[in-house]
Amino acid sequence: MLDVPARRPTAGSALTRLHQVLAADELSRDVALAGLGRWRIGGPADLVVTPRSTESLAAALRVIAETGVPHVVIGDGSNLLFDDEGFRGVVVRVGRAFGGFAAKPDGHVEAGAGLWVPSFVRQVIEAGLAGATHAIGIPGTLGGLVTMNGGSQRRGIGENVLSVDVVKRDGTRRRIDRTELRYSYRASALQDAGAIVVAARFRFEPGDRHALRREAIGILAARRAKFPRVRANCGSVFVSDPKLYSLIGPPGLAIERAGLKGFAIGDAQISPDHANFIVNNGQARSADVLALIGLARERVRALTGIAMDAEVRHLAPDGVMRPAHEVAAVPRFIQPPGQEHRP
Ligand SMILES: Cc1cc2nc3c(=O)[nH]c(=O)nc-3n(C[C@H](O)[C@H](O)[C@H](O)COP(=O)(O)OP(=O)(O)OC[C@H]3O[C@@H](n4cnc5c(N)ncnc54)[C@H](O)[C@@H]3O)c2cc1C
């Protein structure tokens, strides 16, 4: 007898049911992922669900669970590398519908996961609270920030998180206490939990509004001077490593020392402005970006003995999402730096 492999459920099997539980503008088919991520890279996703409420989100998740179709959650796609082949499943996008912000004078803040991070930080500052200002320049949703433990100046938002509200795979809602979130540098247990953050609760310290505003302006000015702004990118590619830091410095400096600043593969280029950024000069493919990630990791490892891990996550066509260095490989055809350099 032939050994026939089990068929994976396709997005098509969920389509009719999703149409029944969602409004027309909450569901789209064959969406170019390049339009949903800041790298402007990626083939088509079969379905994209952009729920307008927690109820719609829960209903969609129940259908997805019943049909067994792969799904992933995204915010603004500012830390994601979508694949050239796209994704055979359902992308659930937490957007501005999940807004809402409330602050109490004692420092407690509750906010929706779809809030734009700079707008969240501005509201925290205007409430006279200190502790979120470091995140003023981070482009993304609050849900993404809380999941990635995003931050700057070696801080992470996880320091101030008290709890998060999630909708689980089965559509039920749950509050998760910070002790279960296992925050570490640019990582949390939420990355692999499969649950979708819809709101978060924080505790900040009272602060001086004017001083906080000045601090925010200073941080934005420093970021503008340091980071590439014109070309599409996903922010820092590699996570800072304390051992590497004490040996050479941050990942950008290590990549520069390895001779790769400005090095390009296809239309993907290690930024000439900041070597921990990879920019899309037009038609970059995910394969080009992964090759650069593999190359930078390999060259820095050869130089220092330390293998850098990527902060950026790659979404594979089958729905597996993992740090991009786990997927990256150094292609054999790579020329020495300089030969493929684009000014
Ligand atoms: C120019 C630039 C500068 C940046 N600077 C910084 C910086 O200084 N510091 C920093 O930390 N990051 C930085 N980033 C990276 C990025 O902005 C942050 O990680 C951001 O918080 C991600 O939010 P997002 O909504 O775009 O998430 P996405 O990129 O859409 O998703 C990231 C991860 O979070 C998960 N996720 C997203 N939303 C939810 C949700 N509601 N529930 C559960 N899981 C969810 C996704 O599944 C994925 O694993 C930068 C990016 C860019 C483009």
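This is a predicted model: local features need pLDDT of at least 70, side-chain atom pairs count only at pLDDT 80 or more; totals for chains, interfaces and linings use all residues.
**Entry 1: the annotation.** I began with the UniProt record, an unreviewed entry, whose "active site" annotation covers Arg186, Ser236 and Glu311. I then checked how these residues sit in space. They are spread over 126 residues of sequence, yet they cluster in the fold, with a largest C-alpha distance of 11.1 Å. I also looked at pockets, and found Arg186 and Glu311 in the lining of the second largest pocket.

**Entry 2: Arg186.** I located Arg186 in the loop that runs between strand E10 (173–177) and strand E11 (196–203). Is Arg186 buried or exposed? Its relative accessible area is 9%, so I noted Arg186 as buried, the cut-off for that being under 20%. Next I listed its contacts, leaving out residues up to four places away in sequence; among them are Met148, Asn149, Gly150, Gly151 and Ser152, as well as Arg155, Gln191 and Val239. Glu311, another residue of the annotation, is also touched by Arg186.

**Entry 3: Ser236.** I found Ser236 in a loop too, between strand E13 (232–233) and helix H6 (242–247). With a relative accessible area of 25%, Ser236 is partly exposed. Which residues does Ser236 touch, not counting those up to four places away in sequence? I wrote down Asn79, Asn276, Phe277, Glu311 and Val312.

Key:
Residues are numbered from 1 along each chain as its sequence is written. Side-chain values use heavy atoms; hydrogens and water are left out. UniProt positions are given in the numbering used here, feature names are shortened, and annotations may be inferred rather than shown by experiment. On a 1 Å grid over the protein atoms alone, a cavity is a set of points where a 1.4 Å probe fits but cannot get out, and a pocket is an open set with protein on both sides within 12 Å along at least five of seven lines; lining residues have an atom within 4 Å of a point. Helices (H or I, at least four residues) and strands (E, at least two) are DSSP runs, numbered from the N terminus. Buried means under 20% relative accessible area, exposed over 50%, partly exposed in between (1.4 Å probe, protein chains only). Contact means heavy atoms within 4.5 Å.
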